[in-house]
Amino acid sequence: DAGNLFIAGDVLYSVTATKIHAFFDLKEIESKLQERIQKDAGDLTAYLELGDVRHRAEQFERAIEAYDEGLKASAKKDQNDGAVKDLLQHLKASRFESFFALGELNFNKDNAVAAARFTLALGAATDGAQSIRALWRLAECALAAGQPAAAAKVGGEFEMTGGFRIAHAPTDCDEGGTVNLVDFAGFQACLAGPDQSTVVECHCYDTDGDGAVDLWDFSRAQA
């Protein structure tokens, strides 16, 4: 039931006896945000909102373009200003999400493309949580491609065959001389969460010695 329809600005409202639904005209919103940027090329909020609009429309590459333009525009801002710092953090974090979303679109469809996007996401990560999300997907791409031992430590990075690169991995629990996806596969098998006791063969992955293998251990194992 569409109910009664009303238009206010860029929003179409559908009103029934029990619910109100709002539908946004993304093209119109994008046009207005671009007008704001044309009037003020330093409007970082407009770049952020433009990227977010495109991201919601699943136009992830165009969203990244908007975030990149915002980051470029920020170079002319006072980097010590609190509001600028906050906007920069949001621009960078949102940029990661768009790269990650591109990886998700291709995951289990074309894992080579997915891994390339997750690699870009890893490079764009703004904190440990984002890094772990990207790295986890990279490892899953490698395992899905039948490359459990494809990661080898080279110059502080982990290079996978097919041109993928992983920046971090868990400890060398198989004592193979390198920290690679064989170790990661073991970590994944031992991952039980903070409320589960660590079995003997998983002690190596319990990096903080709390008796459980969880994502805290994974974050501590990054190097």
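I count a residue as buried under 20% relative accessible area, as exposed over 50%, and as partly exposed in between (1.4 Å probe, protein chains only). On that scale, 37% of the 223 residues of the protein chain are buried.

**Ground rules.** I am working on a predicted model, where local features need pLDDT of at least 70, side-chain atom pairs count only at pLDDT 80 or more, and totals for chains, interfaces and linings use all residues. Residues are numbered from 1 along each chain as its sequence is written, and side-chain values use heavy atoms, with hydrogens and water left out.

**Overall layout.** I took helices (H or I, at least four residues) and strands (E, at least two) as DSSP runs, numbered from the N terminus. The protein chain has eight helices and six strands. From the N terminus, I read the order as β-β-β-α-α-α-α-α-α-β-β-β-α-α. For contacts I used heavy atoms within 4.5 Å. Among contacts between residues at least 6 apart in sequence, 42% join residues at least 24 apart. The chain exposes about 12200 Å², and carbon and sulfur atoms supply 52% of it. These areas come from the Shrake-Rupley method with a 1.4 Å probe; for residues, only the protein chains shown count as cover.

**Salt bridges.** My criterion was a side-chain nitrogen of Lys or Arg within 4 Å of a carboxyl oxygen of Asp or Glu. How many salt bridges does the whole structure hold? I found eight.

I looked up Glu30 and Arg62, whose side chains meet at 2.5 Å, N to O. Glu30 sits in helix H1 (residues 26-39) and Arg62 in helix H3 (residues 60-73), so this pair links distant parts of the chain, 32 residues apart. Glu30 is buried at 10% relative accessibility, while Arg62 is partly exposed at 32%.

Next came Glu49 and Arg36, bridged at 3.1 Å, N to O. Glu49 lies in helix H2 (residues 44-56) and Arg36 in H1, so the bridge ties together parts 13 residues apart in sequence. Glu49 is partly exposed at 34% relative accessibility. Arg36 is partly exposed too, at 33%.

I then checked Arg95 and Asp68, whose closest N and O atoms are 2.6 Å apart. Arg95 is in helix H4 (residues 82-106) and Asp68 in H3, 27 residues apart. Arg95 is partly exposed at 23%, and Asp68 is partly exposed at 32%.

**H2 against H3.** I fitted axes as lines to C-alpha atoms, for helices over the stretch in contact, with angles from 0 to 180 degrees between N-to-C directions. The two axes come within 7 Å and cross at roughly 170 degrees. I class angles under 35 degrees as roughly parallel, over 145 as roughly antiparallel, 65 to 115 as roughly perpendicular and the rest as oblique. H2 and H3 are therefore roughly antiparallel. Contact residues include Leu44, Tyr47 and Arg54 of H2, and Phe60, Arg62 and Ala66 of H3.

Most residues other than glycine have a negative phi. Which residue has a positive phi of about 60 degrees although it is not a glycine? I noted Glu58. Glu58 lies in the loop between H2 and H3 and is exposed, at 57% relative accessible area. Asn108, also not a glycine, has a positive phi of about 65 degrees. I placed Asn108 in the loop between H4 and helix H5 (111-124). Asn108 is exposed at 56%.
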